[in-house]
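Good morning, everyone. Please have a look at the sequence and the structure that I am putting up now, and then I will take you through a few of their features.

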Amino acid sequence: MLEARLTQGSLLKKIIEAIKDLVQDANFDCSDSGISLQAMDSAHVALCALLLKSDGFEPYRCDRNLSLGINLNSLSKMLKCSGNDDVITLKADDEGDILTMLFESPNQDRLCEYELKLMDIDSEHLGIPEQEFDCTVKMSSTEFARIVRDLSTLNESVTISATKEGVRFATAGEMGKGSVFLKPNSSVDDSSSSGSLPTTIQLSEPVSVTLSLKYLNNFTKAAPLSDTVTLQMTNDIPVLIDFSVGEIGYIRYFLAPKINEEE
Amino acid sequence: MAHNAPPYVCILPQDSNPAHRSNTEYQTLTLPHPVTGQPQLYYWNQTVLCELKLVDFDHERSWFAGNSVVSDGSMHLLTPVDCLFVLLPILQANNQKRDGFNGVYMLLDDLLECDSFPDIYSLRTWPCLATQLELICDTKRITDSEMVYRLNESRALTWLCRKVDQTIDKLANAPELQSVSQNIFFLHNEHSPNATDEKRRVIVDMMGEYLNNEWLERLLASYGGFDQLEHIDRAGRTNSLALDSPEDYMTSRPHPASETPDSPAKKPKLTMAARSLAKANTKGMKSMMSYFSKK
């Protein structure tokens with residue numbers, strides 16, 4: 001059986017909010033190392049990988065590997081019944097067809113129990129190798145969300161080009177063009193005074209990738225989980241957009257770049 | 001069209017009258033688009049007004065025509081448009097309706113005179129013009145040969161509502177449109193009591209491509225607003241008119257709900273954001289399966 005108690009229940013809410021529009025149904029794979037999820041969107045051009053390590057829960061118990069098929073929209077609806085400060089406990093039996101969720105209020109005077117019906121989901125698990133990317137940009141997640149939102153008013157795709165000088169997000173549409181250029185800023189003093197997080201760029205080769213803004217916009221729903229976001233890019237392979245989930249895990253999105261086949 | 005231009009494929013509507021089939025000549029008209037009021041090219045063969053839709057496969061396809069290959073794989077479609085959609089905003093602009101005054105009656109010739117769009121006058125030859133106008137106008141006969149017309153908003157609304165229902169009937173009763181109707185109405189349950197309402201909502205949404213915001217809102221209001229339709233991004237609508245993706249015309253897309261038909265848990269509908277994402281243009285993007293291998 002599975003029993004996992006998450007002190008900061010609001011994290012789970014934010015996680016589900018961050019993936020429920022990209023993926024409708026997914027299997028949560030529970031093992032003694034933690035809870036993970038891997039799923040693709042319906043067009044199979046994006047992939048979302050979630051990991052919540054077992055030591056992020058107290059306590060965490062999973063005797064046997066379990067795969068819980070869940071409709072994320074339903075889960076999100078139930079999680080909305082929990083308070084932001086609630087402690088959330090997830091429970092499932094080995095052969096059961098429900099996931100039980102307990103919401104405890106901080107002073108323990110309110111205890112809610114919800115049961116979510118599970119479903120059988122055929123999912124294709126892809127093996128994703130650890131890979132070295134040519135360029136890694138770490139930046140403020142709110143800044144990233146804002147750039148993506150702003151540029152999506154102009155067109156449906158954005159070209160992200162990174163050099164040692166900085167990273168440029170550019171798009172052009174029928175209305176006109178727009179671009180945002182961020183310079184790397186590694187000075188610690190600067191960031192503390194301005195209050196915004198610095199952008200850092202690690203780069204072995206300049207890269208330029210074109211991505212769908214609708215998808216990026218969707219990924220930025222994970223921004224409330226983490227102050228920073230890491231974009232990892234190499235030309236012509238999927239970019240990796242990584243949001244950490246507190247200390248306990250991550251949400252990673254992979255998105256296929258737009259490749260112009262006429263060239 | 002110059003003779004040295006590369007050939008392309010264009011599909012014309014079949015003329016219902018066989019006598020006309022061979023010599024259907026289309027002339028181009030510049031008319032105001034009913035939604036935006038911006039000039040738009042239409043094709044006119046004296047009886048049918050058509051708009052041109054281009055389905056572009058981004059050079060990924062070509063056509064076989066006879067014994068040769070047409071390298072331009074895009075598909076030009078001339079599809080008939082009801083002239084009344086084009087005339088409705090014009091009638092409304094000419095109506096000069098104010099509080100307590102129901103507007104002026106005008107002669108057809110005056111109605112169809114427009115300095116910025118002289119081509120409107122060509123619609124004068126539409127054989128059904130008089131009978132069709134009566135559907136949305138009050139009329140008065142002033143002499144034996146002359147009629148005057150005034151837009152009647154409640155008639156126009158009735159006409160729109162009937163058009164909605166006729167479209168649904170047509171889709172339901174024509175076997176050759178069965179797959180079309182399945183693709184248009186993502187109905188969870190064909191027999192649920194809300195099915196008709198859901199279908200209407202889809203059709204109203206479709207007709208919204210030919211109605212300005214004012215009329216679309218009136219039409220919505222006449223159906224009680226379909227509460228859930230409020231999310232339509234009306235502001236962005238004018239920009240996104242022609243953004244159909246070629247995938248929309250392919251039949252291979254699996255129905256998202258059909259993957260787990262007998263799941264015991266009832267699935268809620270897709271969220272707004274998920275539906276919007278499903279419409280994202282994924283042209284040029286490869287599947288994740290081509291980058292990562294299955295475990």
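Let me begin with a term: a residue is called buried if 20 or more other C-beta atoms lie within 10 Å of its own C-beta atom. Please also keep in mind that what you see is a predicted model.

With that term in hand, we can turn to chain A, which has 263 residues, 41% of them buried. Chain A holds 5 helices and 19 strands, and if we take its contacts between residues at least 6 apart in sequence, 64% of them join residues that are at least 24 apart.

Now, how do the two chains meet? The contact takes 38 residues from chain A and 29 residues from chain B. On the side of chain B, the largest share, 5 residues, comes from α9(B), and sorted by class this side has 15 nonpolar, 10 polar and 4 charged residues. Strand β10 of chain A, residues 126-127, pairs with β11(B) in the antiparallel sense over 2 bridges, and in this pairing L126(A) has K294(B) as its bridge partner.

Finally, let us look at two helices of chain B. The axes of α4(B), residues 153-173, and α6(B), residues 195-207, come within 9 Å and cross at roughly 115°, and the crossing is right-handed. From α4(B), the residues L160(B), K163(B), V164(B), T167(B) and I168(B) meet K199(B), R200(B), I203(B), V204(B) and M207(B) of α6(B), and the residues of this contact divide into 6 nonpolar, 1 polar and 3 charged.

Terms used. Residues numbered from 1 in each chain as written. Chains lettered and ligands numbered in written order. Predicted model: local features only at pLDDT ≥ 70, side-chain atom pairs only at ≥ 80, totals over all residues. Axes fitted to C-alpha atoms, helices over the stretch in contact; angles between N-to-C directions. Helix = DSSP H or I, 4+ residues; strand = E, 2+ residues; numbered from the N terminus. Left-handed = near helix turned anticlockwise from the far one by under 90°. Contact = placed C-beta atoms within 7 Å. Nonpolar A, V, L, I, M, F, W, Y, C, P; charged D, E, K, R; others polar. Buried ≥ 20, exposed ≤ 12 C-beta atoms within 10 Å, placed from the backbone. Pairing = 2+ DSSP bridges.
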